Amino acid sequence: MKHDEDVVTMLGLTNAMRKRWKRRMLRLDAGLCMLAAERADNMAFNASLTHTKGPAENIGFGFDSPEDALKGWMNSPGHRDNIVNKEHTHIGIGVSVEDGVAWWCVLFVAGKH
């Protein structure tokens with residue numbers, strides 16, 4: 001997993017936000033993290049934000065930190081809904097840096113993955 005510190009920070013921030021909303025904490029899933037990292041790498045390589053079918057996802061680029069990314073997503077109703085969805089139980093987090101720009105992909109699923 002690339003950028004382990006950013007992944008751990010994003011997990012902590014996301015779960016802190018979920019706690020404020022009285023939601024269960026999300027469990028980090030290794031398979032989802034690999035998929036999220038692959039998607040982040042692809043977006044960075046192609047310099048293109050692209051949503052894909054599958055798990056709920058938050059994507060973004062150009063955020064200076066995990067804190068900035070989460071703040072941006074919480075200000076967007078659709079992204080916020082993914083973060084605080086009561087049904088979500090697991091999360092996968094990927095970040096890729098290309099030319100100094102961070103590209104994020106965060107995946108959410110309900111139930112065991």
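Which strands does helix H4 lie across? Helix H4, residues 77–84, lies across S2, S3 and S4. Its angle to S2 is about 125°.

Some ground rules. This is a predicted model, where local features need pLDDT of at least 70, side-chain atom pairs count only at pLDDT 80 or more, and totals for chains, interfaces and linings use all residues. Residues are numbered from 1 along each chain as its sequence is written, and side-chain values use heavy atoms, with hydrogens and water left out.

Helices are DSSP runs of H or I with at least four residues, strands are runs of E with at least two, and both are numbered from the N terminus. Axes are lines fitted to C-alpha atoms, for helices over the stretch in contact, and angles run from 0 to 180 degrees between N-to-C directions.

Now the sheet. It is open, with four strands in the order S1-S3-S4-S2. The pairing is mixed; two strands pair if DSSP finds at least two bridges between them. S1 (27–28) and S2 are the edge strands, each pairing on one side only. S1 and S3 (residues 88–98) run parallel, joined by two bridges. Arg27 has His90 in S3 as its bridge partner.

Helix H2, residues 30–46, lies across S1, S2, S3 and S4. It runs at about 35° to S3.

Next, two helices together. H1 (residues 4–20) packs with H3 (residues 66–74) at about 40°, their axes 9 Å apart. From H1, the contact (heavy atoms within 4.5 Å) takes in Asp6, Thr9, Met10, Leu13, Thr14 and Met17. From H3 come Pro66, Glu67, Ala69, Leu70, Trp73 and Met74.

Last, the aromatics. Rings of Phe, Tyr and Trp (its six-membered ring) pair if their centres lie within 6.5 Å; planes under 30 degrees apart are stacked, over 60 edge-to-face, the rest tilted. The whole structure holds two such pairs.

Phe61 and Trp103 are stacked, because their ring centres are 4.5 Å apart and their planes at 15°. Phe61 sits in S2 (residues 56–61) and Trp103 in S4 (residues 101–110), so the pair ties together parts 42 residues apart in sequence. Buried means under 20% relative accessible area, exposed over 50%, partly exposed in between, with a 1.4 Å probe and protein chains only. Phe61, at 42%, is partly exposed. Trp103, at 6%, is buried.

Phe63 and Trp73 are edge-to-face: centres 5.9 Å apart, planes at 70°. Phe63 is in the loop between S2 and H3, and Trp73 is in H3. Phe63 is partly exposed at 24%. Trp73 is buried at 4%.
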